[in-house]
Amino acid sequence: MTLSAWDVYGELSTREFEALSSSQRNLVSVLDLRQEVNSGGFENYFRAWGGNTAPVALGALPGLISQEWAELLSEAMSLFGAAYPSDPDERGDFIDANDLYDALSDLDSRYYELEGTVEADAILDEWVKAHPETAPSGG
């Protein structure tokens, strides 16, 4: 039985992120991004724990989906300045203090356009198939 990327994510996302292998962290971070942004935009992503994995997603996106996705995430992260905040509350406060709502909304539109033109689920399913070590084993 072949697991989808979302099946693997469902298993792995319940585990401690740092305890995952590098390939598992890459997949989880990319799917954290997709889940959170699709649920409420970049503002939601950055205010939630999923945004904690943004630096990993940034490095993983070129190999998992495309460089274009990585560039969009990089642009979104750059709104926070040179040092990306690791804490969701700090990111939320920064969004509020710097009135980033319009900038994040513009990035959301570009992200949704990418989601609409790239078969990310199929790409990630193929990546999981090609990297069986990513599938969870044990508990």
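Me: Which residues does Y45 touch, not counting residues up to four places away in sequence?

Reply: Y45 touches D32, L33, E36, V37, G50, G51, T53, A54, A57 and L73. Contact here means heavy atoms within 4.5 Å. This is a predicted model: local features need pLDDT of at least 70, side-chain atom pairs count only at pLDDT 80 or more, and totals for chains, interfaces and linings use all residues. Numbering runs from 1 along each chain as its sequence is written, and side-chain values use heavy atoms, with hydrogens and water left out.

Me: Which residues touch the most other members of the largest nonpolar core?

Reply: L27, F42, Y45, F46 and I65, out of 40 residues. At least two core residues come from each of α1 (5–12), α2 (22–47), α3 (54–64), α4 (67–78), α6 (101–117) and α7 (120–130). Helix α2 gives the most, with nine residues. A nonpolar core is a set of buried Ala, Val, Leu, Ile, Met, Phe, Trp, Tyr and Cys residues joined through side-chain atoms within 4.5 Å. Helices (H or I, at least four residues) and strands (E, at least two) are DSSP runs, numbered from the N terminus.

Me: What makes F42 and Y45 an edge-to-face pair?

Reply: Start with the rule. Rings of Phe, Tyr and Trp (its six-membered ring) pair if their centres lie within 6.5 Å; planes under 30 degrees apart are stacked, over 60 edge-to-face, the rest tilted. The structure holds eleven aromatic pairs. For F42 and Y45 the centres are 6.4 Å apart and the planes are at 75 degrees.

Me: Why is the pair of F46 and F80 edge-to-face?

Reply: The centres are 4.9 Å apart and the planes are at 80 degrees, so the pair is edge-to-face. F46 lies in helix α2 and F80 in the loop between α4 and α5, so the pair ties together parts 34 residues apart in sequence. Ring pairs link both into a cluster with F42, Y45, W69, Y84, F94, Y111 and Y112.

Me: How do you know that R34 is buried?

Reply: Its relative accessible area is 5%. Buried means under 20%, exposed over 50%, partly exposed in between (1.4 Å probe, protein chains only), so R34 qualifies.

Me: What makes D121 and R34 a salt bridge?

Reply: The closest N and O atoms are 2.8 Å apart. A salt bridge is a side-chain nitrogen of Lys or Arg within 4 Å of a carboxyl oxygen of Asp or Glu, so the pair counts. D121 is in helix α7 and R34 in helix α2, 87 residues apart. D121, at 35% relative accessibility, is partly exposed.

Me: Why does D96 with R47 tie together parts that are 49 residues apart in sequence?

Reply: D96 forms a salt bridge with R47, with N and O atoms 2.4 Å apart at the closest. D96 lies in helix α5 and R47 in helix α2, so the pair ties those parts together. D96, at 38%, is partly exposed, and R47, at 31%, is too.
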